[in-house]
Each structure stands twice: as C-alpha cells, then as structure tokens.
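Have the coordinates open as you read.

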Amino acid sequence: MTTTDVQRAAATALAASAIDLTKTYGAGETAVRALDGVSVGVEAQRFTAIMGPSGSGKSTLMHLLAGLDTPTSGRVFLGDTELTSLSDRQLTTLRRRAVGFVFQAFNLLPTLTARQNIRLPLDLAGRGVDPGWERSVVEGLGLAERLGHRPGELSGGQQQRVALARALVTRPEVIFADEPTGALDSTTGAEVLALLRRSVDEWGQTVVMVTHDATAAAVADRVVLLADGQVAGDIVEPDADDVLEAVRTLGRA
Ligand SMILES: Nc1ncnc2c1ncn2[C@@H]1O[C@H](COP(=O)(O)OP(=O)(O)OP(=O)(O)O)[C@@H](O)[C@H]1O
C-alpha cells in the first residue's frame with residue numbers, strides 16, 4: 001500500500017493506521033529497535049488482535065496507535081487525524097475524546113464507585129453523560145446492580161466489565177485492550193471476550209486487542225502477527241488452530 005492509499009483509506013474505512021513506524025528505545029550499543037518498519041491499518045467496526053512472541057513489539061505498536069507514546073519515525077493516524085503532527089496537549093485532548101482503554105490490571109480507581117469509574121473519562125473531558133447510552137452499556141455488561149460498589153467489592157470479571165464500560169461510555173473511535181483477559185480465569189476471560197465481541201457487533205465499536213492467547217485472538221475478525229518488530233503475518237477470520245499454527249511457525253523462524 002502506498003502512503004496515499006493509506007491516507008485515503010484512513011479518511012474512510014480505517015479507524016487507525018500506521019505507516020512505516022519505527023521505535024527505538026535507548027541509544028548507542030544498548031539501543032533496542034522495538035518496531036522496524038510497521039505499516040498496518042485497523043478497519044473501523046472490526047475486532048483486530050495483535051499477536052506475537054514476547055518482545056516482538058505488540059505493546060509498543062498498541063501504545064503508538066493509541067497516542068500514548070511517539071514513534072522514532074513514521075506516521076500514525078486515528079481516523080483521518082495524524083497523531084504524529086499533534087502537540088502533547090492536542091494529543092491528550094484527542095485521546096480523551098476518541099480512545100478507550102482496557103488493561104490487564106483493570107486500572108480502576110479504588111476509592112471511586114463503579115459508576116464514578118465509568119464516568120471518569122467524561123468528567124476528565126468535561127463532557128456530560130448520555131443517559132440512554134450509559135444505560136445500554138451498563139445493562140448490556142450486566143453491571144446495573146453493581147454501580148454503587150467500589151472495585152475492591154467486585155470480582156475480577158466484574159472489575160474488567162466496569163473497565164470496558166468506562167472505555168465504551170465515550171463512544172470512542174477505537175478501544176485498545178492490552179491482554180484484557182490476562183488476569184482472569186478462562187471462564188471469566190471468555191465472558192469478557194464475548195463482551196468485546198458484542199461491542200463490535202452490536203454497538204459498532206472498533207477494538208484492537210493485544211494478546212498472547214490464541215483462543216482469545218480467534219474471537220477477533222483478524223489477527224496481525226508481529227515478530228522482531230515487523231509484521232510477520234495477517235490472518236482474516238482466524239480460528240484458534242490457524243493462530244496456534246502461525247505462532248508456532250513464527251517461533252521456529
Ligand atoms: N521503555 C522501554 N525501554 C527500553 N526497551 C523497551 C521499552 N519498552 C519495550 N522495550 C523493548 O522493546 C521490545 C518490544 O517490547 P514490547 O513490550 O513492545 O513487546 P511485546 O511483544 O509487547 O512483549 P510482551 O509480550 O512480553 O509484553 C522488547 O525488546 C522490549 O524489551
């Protein structure tokens with residue numbers, strides 16, 4: 001894909017895209033090239049998983065796509081906005097409006113109730129609540145009876161559902177999920193994956209998920225494989241066996 005193609009697509013069907021990204025940590029002999037020429041487009045209203053061996057650059061790519069970090073070179077777009085041309089302040093404002101996050105460790109504020117945690121991004125952005133949408137999300141995620149509880153009074157699965165509600169409440173352009181099932185048992189993890197899937201299918205959201213788990217990746221519409229900081233494969237409509245086989249092949253490469 002040429003740069004012009006990516007830009008054109010970014011203005012239409014791509015929720016996020018990266019062009020020839022590199023990211024180097026450190027300098028001199030200890031420098032690590034975490035990403036080495038990655039170009040990738042994330043389709044809107046689809047569920048994309050990023051997989052690859054430990055150290056292959058998954059988290060680095062996600063952080064750059066989400067505007068949490070800046071590349072050493074290359075360009076990043078969120079929709080048709082080029083993140084790599086924004087000031088830190090503009091980036092923070094855009095992130096609050098247009099990006100939702102779900103982390104392995106939930107990252108809820110322990111002193112706030114579930115409802116207050118869910119509304120936090122709206123409060124930070126100085127935006128009001130859309131009561132109908134908030135109700136749909138809370139009921140859809142099975143949280144209606146839990147809104148007054150603090151995180152310490154909730155199970156891991158419930159905490160992750162609160163985190164997902166917090167990500168959904170702003171109706172972001174992209175939800176980035178970093179190992180969202182990593183701290184959950186397999187049954188609870190499967191429930192959270194099913195809710196991410198529903199966020200795409202029923203609510204038209206766009207989800208990008210970093211995972212180590214082939215079963216989790218198989219819930220996605222597409223799996224982008226990374227190895228040594230480069231795109232090493234791209235599987236559309238994966239099943240768990242395809243993903244396992246691809247990861248095994250990468251491991252042998
Ligand atoms: N802040 C940092 N400073 C120095 N090196 C870093 C930093 N963050 C990541 N790296 C290095 O960059 C490379 C890619 O790291 P990254 O965390 O993106 O990989 P990953 O695929 O997400 O790994 P994992 O699956 O283990 O989380 C690794 O070699 C890592 O050690």
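pLDDT is the predictor's confidence in each residue, on a scale from 0 to 100. This is a predicted model. Its protein chain has a mean pLDDT of 92, and 94% of the residues reach 70 or more. The model scores are ipTM 0.97 and pTM 0.92. Where pLDDT is low, the predicted coordinates should not be read in detail.

**The six-stranded sheet**

Start with the mixed sheet. It is open and holds 6 strands, in the order S6-S7-S8-S3-S9-S10. Strands S6 (99–103) and S10 (230–236) are at its edges. Each has a single partner strand, so one side of each lacks a neighbour in the sheet. On average, neighbouring strands here are turned by 20 degrees against each other, direction ignored.

Strand S3 (residues 47–51) pairs with strand S8 (residues 207–210) in the parallel sense, over 4 bridges. Thr-48 has Val-208 of S8 as its bridge partner. S9 and S10, by contrast, run antiparallel and are joined by 6 bridges. Leu-226 is bridged to Val-231 in S10. S9 and S10 form a hairpin with 2 residues between them. Asp-228, in the turn, has a positive phi of about 50 degrees.

**The four-stranded sheet**

Another open sheet has 4 strands, ordered S2-S1-S4-S5, with antiparallel pairing. S2 and strand S5 (81–82) stand at the edges. Each of the two has a single partner strand, so one side is left without a neighbour in the sheet. Strand S1 (residues 14–25) and strand S4 (residues 73–78) run antiparallel, joined by 5 bridges. Ala-16 has Leu-78 of S4 as its bridge partner.

| Strand pair | Sense | Bridges | Bridge partners |
|---|---|---|---|
| S3 and S8 | parallel | 4 bridges | Thr-48 and Val-208 |
| S9 and S10 | antiparallel | 6 bridges | Leu-226 and Val-231 |
| S1 and S4 | antiparallel | 5 bridges | Ala-16 and Leu-78 |

**Helix H2 and the two sheets**

Which strands does H2 touch in the four-stranded sheet? H2 packs on that sheet through S1, S2 and S4. Its direction makes about 125 degrees with that of S1. Helix H2 (residues 58–65) also lies across S3, strand S7 (174–178), S8 and strand S9 (222–227). H2 runs at about 150 degrees to S8.

**The ligand shell**

Which residues surround the ligand? They are Tyr-25, Gly-26, Val-32, Ala-34, Gly-52, Ser-54, Gly-55, Ser-56, Gly-57, Lys-58, Ser-59 and Thr-60. Strand S2 (32–43) and H2 are the elements that give two or more residues to this shell. H2 supplies the largest share, 3 residues. By class, the shell has 3 nonpolar, 8 polar and 1 charged residues.

**The H4 and H6 contact**

Now turn to a helix pair. The axes of helix H4 (residues 114–124) and helix H6 (residues 156–168) come within 7 Å. They cross at roughly 30 degrees. This crossing of H4 and H6 is right-handed.

What does each helix bring to the contact? H4 brings Ala-114, Asn-117, Ile-118, Leu-120 and Pro-121. H6 meets them with Val-162, Ala-165 and Arg-166. By class, the contact of H4 with H6 has 6 nonpolar, 1 polar and 1 charged residues.

Notes
Residues are numbered from 1 along each chain as its sequence is written. This is a predicted model: local features need pLDDT of at least 70, side-chain atom pairs count only at pLDDT 80 or more; totals for chains, interfaces and linings use all residues. Two strands pair if DSSP finds at least two bridges between them. Axes are lines fitted to C-alpha atoms, for helices over the stretch in contact, and angles run from 0 to 180 degrees between N-to-C directions. Two residues are in contact if their C-beta atoms, placed from the backbone, lie within 7 Å. A residue is near a molecule or strand if its C-beta atom, placed from the backbone, lies within 6 Å of it. Ala, Val, Leu, Ile, Met, Phe, Trp, Tyr, Cys and Pro count as nonpolar, Asp, Glu, Lys and Arg as charged, and the others, Gly among them, as polar. A crossing is left-handed if the near helix is turned anticlockwise from the far one by less than a right angle, and right-handed if clockwise.
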